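This note is intended for a reader who is new to describing protein folds. Please keep the structure in view while working through the numbered points.

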Amino acid sequence: MNMTEMGEVVAYLLRYRSAERTPGGGRKRRAAREGQLSERDVCALIDDASEAEREALRDFLAGQGLRLKAFESGDYPGIAPGSRYYALLPDPELEQPPLYTREPVFEALKLRQESRAELAQWYLQLWLLMHTLLYTRYNRALSDVSRYQEATFAGAELVELMRDQLETLRSLGEEAPESSRVLLEERGEDISRRVRAFIDLQVRAGLLEGLRDAEASAGAEESVGEVWQQTLLGALESEQIGIHQLGHLQALAQGRAQGRYRDEDAYEADIDEHEETQA
């Protein structure tokens, strides 16, 4: 693999985030496009690369805050026998350069003249609710990567969950978090439009793929009426986020719980001491 071929491999991986020697689930290999290698050629170049060439590829990706992980057929369900699955993931120990902009996210979710802070709130809420559908209702932990094939939801479910979330916020009145109150300014078809845009972003990033349900989607709007399944890449990325970016929240929650227990123990000890004094 020469430098030109390495650049073409990286360009492919940045576009699709994954490549599979023999795609499973009936998916066809991605064909070559103008200026882009085919999925088959990408896998062949990586498979046939020498150790020095692979090290150069790893260094090249590390400079962009990324790493390439390879999985065999026995690692996770859905990888065909004899196949190999390559996933391009952010390296949690490295920073990504500013050229990886969040602008496509802001542009996709924007309906009027919302600020970035407002759009970030919409994305966060939709991301959390999507994970409720993919994980919580299946009693599935973020580390349960191998169960990604059973994780499906309909776009209409995410719309309904978002509506319920907004109703909960409204019921809080002045006690609702100030940062979340901007969500209550939605009107008309805002929720459906934002859900549609959010799902499209996940599909473009390779984190979701569509499972067409003819009956459920008959007459329904695109994205909102379709059934979506998490991809292996999506499950791997969610696991990584859970370990490296949400872990501090769990530690914080545990710290608060431990602090509460210590306070309760101290309170009970004070009562015991008071009772002994009174006796």
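1. A crossing of two helices is called left-handed if the near helix is turned anticlockwise from the far one by less than a right angle, and right-handed if it is turned clockwise. The model discussed here is a predicted one. In this model, helix H6 passes helix H7 in a right-handed crossing.

2. The geometry of this pair can be stated in numbers. The axes of H6 (residues 155-172) and H7 (residues 190-204) come within 10 Å and cross at roughly 125 degrees. H6 is therefore oblique to H7.

3. Which residues of H6 and H7 meet? From H6, the residues are Gly-155, Leu-158, Val-159, Met-162, Arg-163 and Leu-166. Their counterparts in H7 are Ile-191, Ser-192, Val-195, Phe-198 and Ile-199. Sorted by class, the contact of H6 with H7 comprises eight nonpolar, two polar and one charged residues.

4. Helix H7 also meets helix H5 (residues 116-134). The axes of H5 and H7 come within 11 Å, with a crossing angle of roughly 70 degrees. Angles of 65 to 115 degrees count as roughly perpendicular, and H5 and H7 are therefore roughly perpendicular to each other.

5. On the H5 side of this contact are Leu-119, Trp-122, Tyr-123, Leu-126, Trp-127 and Met-130. On the H7 side they meet Ile-191, Arg-194, Val-195, Phe-198, Leu-201 and Gln-202. By class, the contact of H5 with H7 has 10 nonpolar, one polar and one charged residues.

6. The strands deserve a separate point. Strands of a sheet pair through backbone hydrogen bonds, either parallel or antiparallel. Here, three strands form an open sheet in the order S1-S3-S2, with antiparallel pairing. Strand S1 (18-20) and strand S2 (66-72) are the edge strands, each pairing on one side only. On average, neighbouring strands of this sheet are turned by 15 degrees against each other, direction ignored.

7. How many bridges join S1 and S3? Strand S3 (residues 84-90) pairs with S1 in the antiparallel sense over three bridges. Ala-19 has Tyr-86 in S3 as its bridge partner.

8. Two helices lie across the strands. Helix H1 (residues 3-16) lies across S1, S2 and S3 and runs at about 110 degrees to S1. Helix H2 (residues 39-48) lies across S1, S2 and S3 as well, running at about 85 degrees to S1.

Terms used: Residues numbered from 1 in each chain as written. Predicted model: local features only at pLDDT ≥ 70, side-chain atom pairs only at ≥ 80, totals over all residues. Heavy atoms only, no water. Axes fitted to C-alpha atoms, helices over the stretch in contact; angles between N-to-C directions. Helix = DSSP H or I, 4+ residues; strand = E, 2+ residues; numbered from the N terminus. Parallel < 35°, antiparallel > 145°, perpendicular 65-115°, else oblique. Contact = heavy atoms within 4.5 Å. Nonpolar A, V, L, I, M, F, W, Y, C, P; charged D, E, K, R; others polar. Pairing = 2+ DSSP bridges.
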